[in-house]
Amino acid sequence: MTTWIRGCLCILALAFGLCMARAQSVEPWQDGWRLRFNQERERFGLPRFRSSPVLNQVAQRQAEEMARDGWRLRSPSTATISAWIRGVGYTAHDWREGYLLDPSTRETLPRELLDGHFRDLGVGAAAVDGGTLYVFLLGWHEGDFFAAATAGLGDKARLEAEMLARINDVRRRAGLPALASNPLLDRISQEHADDMLLRSYFGHRTPEGLGPSERARADGYPLGIGENLVEKRYSVQEAMDAWLGSPPHRRNILDPGIREVGLGVALGGGYK
């Protein structure tokens, strides 16, 4: 049996069809808000906000849209703001918004100002009936999320040992013999993991139609193999939970006829 864990493919998709955002400088008043918020975050030991020119664009657009309604200050829908964020090329794992009307006590500032996951800040401003409306957009970039989620996946030897131990624990409780690690199956698994990430597909068959046993025989493994795949899981525990909850994958793990296993891990992500 060969197993494979893949990193988050939504990151890989960033390579396709991205629209590069128009360059935009950061205004002093925008940086002033960032410095003010960072002083508060530092009091709690949180990382400082980074100024995001593209989120500044979205926040500015939102401020101007809200200002057209005067004092009613109706924010655009979540779907609309999400579309604007995607449109400027920012890939958000999550985002939050808030606004403040000066001079006024009327404000809705996001509590995520003190959430360390949100690292990027955009600020927009528009005049509203003698006052100024400030809009704040907080971004949790997919790159930050992916880096944190996959931080423990860089040590392949540790992953292999943990995966083998988990598989054998499940088999032992089912009264089945333990599996041994096979370096050739490791290579076969890794080649398929890398190929799926490189060519942006997910499945047991390659674009050329080669299945697991055909790929294995081409690499010199004479016997047929089973194959478990999983994506968007960031630990051995998450991968095993997904497989054990799926009858076909569980059958592979508990197949009494198998005796060895290989593991491949491919990660794709970061800022685009």
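Biologist: Is F37 buried or exposed?
Modeller: This is a predicted model, and in it F37 has a relative accessibility of 8%, so F37 counts as buried. The cut-off for buried is under 20%.

Biologist: And F136, buried or exposed?
Modeller: F136 counts as buried because its relative accessibility is 1%.

Biologist: Which parts does the pair of F37 and F136 tie together?
Modeller: F37 belongs to helix α2, residues 28–43, and F136 to strand β6, so the pair joins parts that lie 99 residues apart in sequence.

Biologist: How many aromatic pairs does the structure hold?
Modeller: There are eight aromatic pairs. In one of them, the ring centres of F37 and F136 are 5.1 Å apart and the planes stand at 75 degrees, so this pair is edge-to-face. For W140 and F145, the centres are 6.0 Å apart and the planes are at 70 degrees, so that pair is edge-to-face. W140 and F145 are both buried.

Biologist: Which residues do ring pairs link into a cluster?
Modeller: The cluster consists of W29, W33, F37, Y134 and F136.

Biologist: Change of topic. How many residues are in the largest nonpolar core?
Modeller: That core has 21 residues, and V58, I81, I85, L133, V135 and L137 have the most contacts inside it. Elements giving two or more residues to the core are α3 (53–67), α4 (78–87), β3 (92–102), β5 (120–128) and β6 (131–141).

Biologist: Which element gives the largest share of this core?
Modeller: Helix α3 does, with seven residues. In soluble globular proteins, nonpolar side chains tend to be buried together.

Biologist: What is I81 in contact with, leaving aside neighbours within four places in sequence?
Modeller: I81 is in contact with V58, Q62, S75, P76, W95, E97 and L137.

Biologist: Now the helices. At what angle do α6 and α9 cross?
Modeller: The axes of α6 (residues 156–173) and α9 (residues 236–244) cross at roughly 35 degrees and come within 10 Å. Their crossing is right-handed.

Biologist: Which residues in α6 meet α9?
Modeller: On the α6 side they are L159, E162, M163, R166, I167 and V170, and on the α9 side they meet V236, Q237, A239, M240, D241, W243 and L244. Sorted by class, this contact has nine nonpolar, one polar and three charged residues.

Biologist: Last one. Where is L179 found?
Modeller: L179 sits in the loop between α6 and β7 (180–181). L179 has a relative accessible area of 4%, so L179 is buried. Its C-alpha is 7.4 Å from that of I258, while L179 and I258 are 79 residues apart in sequence.

Terms used
Residues numbered from 1 in each chain as written. Predicted model: local features only at pLDDT ≥ 70, side-chain atom pairs only at ≥ 80, totals over all residues. Heavy atoms only, no water. Axes fitted to C-alpha atoms, helices over the stretch in contact; angles between N-to-C directions. Helix = DSSP H or I, 4+ residues; strand = E, 2+ residues; numbered from the N terminus. Left-handed = near helix turned anticlockwise from the far one by under 90°. Contact = heavy atoms within 4.5 Å. Nonpolar A, V, L, I, M, F, W, Y, C, P; charged D, E, K, R; others polar. Core = buried A, V, L, I, M, F, W, Y, C linked by side-chain atoms within 4.5 Å. Buried < 20%, exposed > 50% of the residue type's maximum accessible area, 1.4 Å probe, protein only. Phe/Tyr/Trp six-rings, centres within 6.5 Å; stacked < 30°, edge-to-face > 60°.
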